[in-house]
2 protein chains.
Amino acid sequence: MSTAPDSADRLEVTGYRLTAPRRAVLDAIAHTNRPFTIEELSDRLPNIGRATVFRTIKLLQELEIVCRVPLEDGGVRYERSRSGRHHHHLICSECGSVTEFNDPSLDASIEENATLAGFELDGHSAELYGRCASCRGGGAL
Amino acid sequence: MSTAPDSADRLEVTGYRLTAPRRAVLDAIAHTNRPFTIEELSDRLPNIGRATVFRTIKLLQELEIVCRVPLEDGGVRYERSRSGRHHHHLICSECGSVTEFNDPSLDASIEENATLAGFELDGHSAELYGRCASCRGGGAL
DNA sequence: CGTCGCATTGATACTTAAGCTCAACAACGG
DNA sequence: CCGTTGTTGAGCTTAAGTATCAATGCGACG
């Protein structure tokens with residue numbers, strides 16, 4: 001029952017110091033299955049400075065351990081990335097759950113549009129908003 | 001040389017009052033060809049309250065006269081929508097220009113992924129980041 | 001195993017972006 | 001022209017993230 005070993009490894013390998021606060025943040029994230037805000041995370045880690053939480057999350061984003069999830073209303077949440085690779089999000093407006101997915105044909109379609117416009121593609125994002133399977137199952141309509 | 005007549009019409013038709021501040025905002029937008037922030041827009045309209053600019057832009061978003069453009073760095077800009085319909089964005093990281101595009105096969109791909117996940121799709125966004133044709137033409141590499 | 005350099009931390013102040021409030025105002029129908 | 005009701009605007013409040021800087025402690029190296 002270690003503290004998110006793989007992520008910790010990734011920190012070390014990349015040359016960052018594996019400090020107690022960073023462990024604590026990694027640990028908190030590992031034990032969360034829902035997208036979180038920095039505030040929420042910070043509240044769960046009273047011994048750790050807000051600034052450090054911000055810094056650590058930014059770091060983890062660079063390492064693709066955590067990914068930023070833009071919400072429909074303009075808000076932002078973060079989530080531990082399962083794949084650790086490029087992906088897109090299905091965001092449930094009812095329960096707030098976030099599902100990652102990856103579709104090469106979607107990416108291909110995006111690249112094609114860029115090429116058509118004479119655009120040199122550097123990156124892209126795609127977010128899908130709606131109601132997830134379980135919310136549909138139990139919900140109204 | 002009227003003040004963005006079609007947009008004004010759309011306001012009236014929808015039952016909103018066509019007030020001087022709203023005209024001013026519409027006018028300012030009509031004379032801008034670059035994506036703008038609320039701050040920039042507000043600065044160009046010193047006689048109009050910041051809150052009104054925010055409210056008007058939000059209103060224009062609902063009417064699809066203006067669209068929200070999320071940037072790669074998390075920032076947000078707005079732009080007068082040319083098509084007035086659903087579309088995606090090509091955002092140049094060099095000159096900041098925004099190009100709209102629409103691709104049914106891209107949308108189809110998005111819908112397919114939602115269906116696969118048992119997701120009831122409500123809306124989606126897709127932003128492409130990179131360098132536009134003219135920036136590539138004159139630029140390095 | 002001690003110690004030293006430098007990355008990291010944390011309390012707090014600051015910044016920027018955006019939303020809220022509510023009394024005053026004005027569009028437009030009658 | 002008047003009244004109703006949607007709209008406005010100055011400033012207050014919140015949220016999200018950054019800057020500062022002295023104190024701390026990780027871990028390399030001897």
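Q: How many bridges join E3(B) to strand E4 of chain B, and do they run parallel or antiparallel?
A: This is a predicted model, to start with. There are 4 bridges between E3(B) and E4(B), residues 98–101, and the two strands run antiparallel.

Q: Which residue in E4(B) is the bridge partner of B:Leu90?
A: B:Leu90 pairs with B:Thr99.

Q: What about the turn of that hairpin?
A: E3(B) and E4(B) have 5 residues between them. B:Gly96 sits in that turn, with a positive phi of about 80°.

Q: Which other strand do bridges join to E3(B)?
A: Strand E5 of chain B, residues 120–131. Again there are 4 bridges, but E3(B) and E5(B) run parallel. In E5(B), B:Gly130 stands opposite B:Cys92.

Q: Is E3(B) mostly covered or uncovered?
A: Mostly covered: 5 of its 5 residues, 88–92, are buried.

Q: Which way do its residues point?
A: B:His88, B:Leu90 and B:Cys92 point one way. B:His89 and B:Ile91 point the other way. In a regular strand, side chains alternate between the two faces of the sheet.

Q: Where does A:Glu64 lie, and how exposed is it?
A: A:Glu64 is in the loop between helix H4 (50–62) and strand E1 (66–70) of chain A. It is partly exposed, because its relative accessible area is 40%.

Q: And B:Glu64, what is its phi?
A: Near 60°, also positive. B:Glu64 is found in the loop between H4 and E1 of chain B. At 40% relative accessibility, B:Glu64 is partly exposed.

Conventions:
Residues are numbered from 1 along each chain as its sequence is written. Chains are lettered from A and ligands numbered from 1 in the order in which they are written. This is a predicted model: local features need pLDDT of at least 70, side-chain atom pairs count only at pLDDT 80 or more; totals for chains, interfaces and linings use all residues. Side-chain values use heavy atoms; hydrogens and water are left out. Buried means under 20% relative accessible area, exposed over 50%, partly exposed in between (1.4 Å probe, protein chains only). Two strands pair if DSSP finds at least two bridges between them.
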